[in-house]
Amino acid sequence: MEEKKLPDVLKKETSRRDFLRGTATAAGSALAITAIGGIAPKKAEAQYSVQGVPGTPPYAQKYRFAERHNCTGCRSCEFACSLFHTGNVRPALSRIYITKYKDMVDVPVMCWHCDDAPCIAACPTTPKAIQKDAKTNGIVLNEKICLGAKCMKCQEACPAKYIRGNPDTGQPLICDLCGGDPQCVKACQEQSGNPQGPCLMGRPVGIGVNMAYRSVTPEEAGKDLANLLFYPNVEGKRVVPAKSKTKKGR
Amino acid sequence: MATPKGGNFGKVLEIDLSKQTFKTRPVSDEILQQYIGGRGLGAYYAVTEYKAGKNALDEDAFVFVGPGPLSGTTKKPVWLSIVNDKVEFKDASKMWGKTTDETHEMMVKEMKDPEIRTAVIGPAGENGVPYSCIIVERYRAAARSGTGMVFGDKKLKGFAVRGTKYAVPVADNAKFLAAAKVNKDNNVRREAWEGIKRWGTGGLMELKHYLHGSLIVKNYQTTWFPDVVKIGGEEAARTFWKRHASCTNCPTHCLKLGVIRSGKYAGMVAEGPEYESGGLLGSNLGMTKFDEMIALIEACDAYGLDNISTGGVLAFTTEAVEKGALKPTDLDGLKPKWNDGDTYMEMIRKIAYQEGKAGKLMAKGVRKMSKEIGKGSEAYANHTKGKELAAHDPRGDKIRAYSYTMGTCGGDHHEGQGPQALGMTAMADSLCICSFTNFLVYGAGTDKIITDMLNPLCGWNWKPEDYWTTAKRIFTAERVFNVREGISSKDDRLPIRMYKEKLPAGPRKDVIFTDADQKDMETKTYGFFGWDAKGIPTEATLKAYGLDYLIADVNAAKKKYNL
C-alpha cells in the first residue's frame, strides 16, 4: 500500500515550550478582552472569583443557568442559599427553590436575571426597593423601602413565576447572586457526580445561558421535563396495578 | 433540667388521637446526650413508658415518628396536617380505602402546597396486615416493623408536614460547618458511594449473583440465577431508568425513577428495582420479566405493603405449593408458580385486603403460616424472630447474619454487619443519618467524625469513646425491651435452611452457615456489648451504660422465662 503523505504541520513536533507559549497567548488575549470590557473587579473583590475555571481572572458570575434534567431534587442549593443569607439552614428563606411536578420531576425555580428586569420595572416605590447591581447582575433588595406583603408587584411581574415572599417579613426573596459568587452553584457542583452532572452553572459573560428559558414558569418547565424523560407517560398519569376498594364499591 | 444548646429544639410533639389534642413534651439535654434522638429516643420511651408484654395495638400504645410520639385511637379515620406550630386533625373518611399514591395526591391537593411532605398508609395498613408499612412521599417506605398496621388500628391515615418557621439552632456554626465538610469529603470519595449514585442498590443484583453468591433465588433455594440480567440494574439502566432523584440534601441520589415503555403496564412511572425490592419480588420469585417485577413492586407500594416481607411470603407460599404442603384449595384456587407475575399480583391484592382464605392465611407472615400449615414447611420458612429475611443469603454473605440475628428487629438486613456496625447503625438511626452514608464511612474514624460534628452542633463535650458508650447504651436498651418479652440467644438464629442446606450452585457453592459460625457470631456480639452467653445484658453492663433502672426488669424476665 502506498504510504500517505502527512501534511507538514502534523509532522512538526510540538515542543512542550511551544505548547506552553500557545496557552499563554490564549490566556493573554482573554485578559485583554477582559480589560477592554472593563469587568475585571479590583483586588478587593477577588473573593468573588470564578470557581473551578483555572486560569480565569477573578470576576463576577453574572449569569446562571440550570441544566434542569440534571436536577435530582436534593435541595442543597436551598440549604447553601439560606445559610449564606441568614446564617442558618432554613430553606423557606432560600432565594432558589425546588418544586415537584406530579411527583415525576424536580424543577429548580430561580431568578433568570432578565436584562429588562420586569420586577424592577413593576416596583412602585421611589427610589426602587429592588435594584440591579451593575457589577454582579444580582438584584438587591432595600428592606427599608420595600412595602412587603401588601405590594408584591414584583411577584406579579416576574415572567418566571419565581419570586416568593419571606414568611417572616412578607418581603420578596430575590436572588442577589451572592455578590458574584453564587453559593447554590457551588453546592450543586459539590453534590453532583456519577453520572449526573451539575444542574446549576454560573458564568461571567452569559454565553451558554439560554435566554429562552427566562419566561418559563415552573409548571411549564415540569411539563417539558416530563415530556423529555417519561415518554409515553408525559402527563404524569398514574398507571398502577393496584386499585382502591372503597366500602361502597363492594 | 438543661435545655439543649443546639441541634435540637428540646421538645417532642405528643399527639393524642382519642381526645384529638396535642402538646409538646420537653426533652432535657441530659436525655438527649444519652439517647440522641430518633431510634435511641424511641428505645428510651419504649423501655420507660411500657411494661413488659405491651401490645402494640392497645389504645394507649404509641407510634414514635422520628422525634415524637403519637398515641390514642380515634373512632373516625383522621389524617394530620402539621404546619409549623399547628397540628390539625382532618377527616380522612374519603381517603380511607385509597391506595398510598392516591392519598398522597389528595393531601397535596388539600394542602395547596406542592412542597409538603407526606407519610401515609395504604389499604394493607387499614386492614391490619402485620407487615404493612408507611409510604413516605409515594416512593419511599418506612417498613419492616408493621407500623402501618398500628396506624391503621388507630384509624390514622397519615400526616402531611411542612415547616417554614424555624432553623435548627447550632451552638457553634463555624466549627460545625467545618466538621460537616470533613464528613462529606470522607463520604463522597468512596467507591461505594459512586456506585450507589450510579446504580442505586439495584446494581447489586448482578454483583451479588456473579461475585458474592448471596442473591436470593426462589425462596433461598440457591444464589445462582443467570436470568438476573433480565431484571437487574443493567437492564433497568438500559430500558427503564430515566432520572436519578435524592432525598433532601443528600448527594447520593439513590432513587431511580423510570417508565415502562410498552406492554400491559405501558406508561407506568415507578421507582426501582432496588436491591431488596428487586431481590424479593424479582429473583426470589424467579421473575424474568422486568415490567411484571416492577408492577409487583409498585403494587406493594400502592397498597402499603412491605416489599421484603411480601416477597418472602409469596416465595414461601410458592414453595409450599411446589412441595405439596399447600393445595390450591387452601388458596382460593390460586396456583402460584415461579415467574408467574399475574398470580403474584392477585396474591398481593388478596393480602392487602385480607381477602378470602388465601388473603387471611398469607397476611399472617411466614412464621405463623408455617406453624399453621405444618407438613415440614418450617424447613423452608425463612424468618428470624418472625420477620422474613431480606435479599442477602447469609450463607454467601456471612457477615450479614449479624444484622439478621443480632439486630433488634429480627430478619432485618440493615442493622449492621458485625458487632461494631450494629452499634454504629444504632447511632446513625438515632442521629437520623442515612445508613448508606453511615455505612460508607465505616473504618474511617466514624466515631471521631460524628463527635466532631455533634459537639459544635449541640454544645457538648463528647470524646470518641462517648460515641461508643452511647451506641452500646441504645442497643442494649433495645435488647432489654426484647429480653422482657422472653428473647434470648435461642431466638438469635437464622432460618433452618441456612444451617442444613448447602448452596447448590454459584460462587459460594457448597457453603453452609455452620454452628461454628453461629457460635463465633454470638461470642463476638455478646462480648462487644457486655451481654452474657445467653445474650442477656449483665448487671454490670447496665450500670456502666447508666441503664440501672432496667436491672429489675431484666431480673424479672430472667425468672419468668427461665433465661
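Reader: How many bridges pair strand β12 of chain B with β13(B), and in which sense?

Author: Strands of a sheet pair through backbone hydrogen bonds, either parallel or antiparallel. Here β12 (residues 255-259) of chain B and β13(B) pair in the antiparallel sense over three bridges. Two strands count as paired if DSSP finds at least two bridges between them. Strands are DSSP runs of E, at least two residues; helices are runs of H or I, at least four; both are numbered from the N terminus. B:L257 has B:E271 in β13(B) as its bridge partner.

This is a predicted model: local features need pLDDT of at least 70, side-chain atom pairs count only at pLDDT 80 or more, and totals for chains, interfaces and linings use all residues. Residues are numbered from 1 along each chain as its sequence is written, while chains are lettered from A and ligands numbered from 1 in the order in which they are written.

Reader: Which strands form the edges of that sheet?

Author: The sheet is open, with three strands in the order β11-β12-β13 (chain B) and antiparallel pairing. Its edges are β11 (241-245) and β13 (269-271) of chain B, each pairing on one side only.

Reader: Is strand β10 of chain B largely enclosed or exposed, and why?

Author: Strand β10 (residues 156-162) of chain B is largely enclosed by the rest of the structure, because five of its seven residues are buried. Buried means 20 or more other C-beta atoms within 10 Å of the residue's own; exposed means 12 or fewer, and partly exposed lies in between, with C-beta atoms placed from the backbone.

Reader: What pairs with β10(B)?

Author: Strand β5 (residues 78-83) of chain B runs parallel to β10(B), joined by six bridges. There, B:V78 stands opposite B:L156. Strand β7 (residues 117-120) of chain B pairs with β10(B) in the antiparallel sense, over four bridges. B:V120 stands opposite B:G158.

Reader: Which residues have the most contacts inside the largest nonpolar core?

Author: In soluble globular proteins, nonpolar side chains tend to be buried together. A nonpolar core is a set of buried Ala, Val, Leu, Ile, Met, Phe, Trp, Tyr and Cys residues joined through C-beta atoms within 7 Å. The largest one here has 199 residues; those with the most contacts inside it include A:C184, B:L296 and B:I351. Helix α12 (residues 290-303) of chain B gives the most to this core, with 10 residues.

Reader: How many residues does each chain bring to the contact?

Author: Chain A brings 37 residues and chain B brings 42 residues. Two residues are in contact if their C-beta atoms, placed from the backbone, lie within 7 Å.
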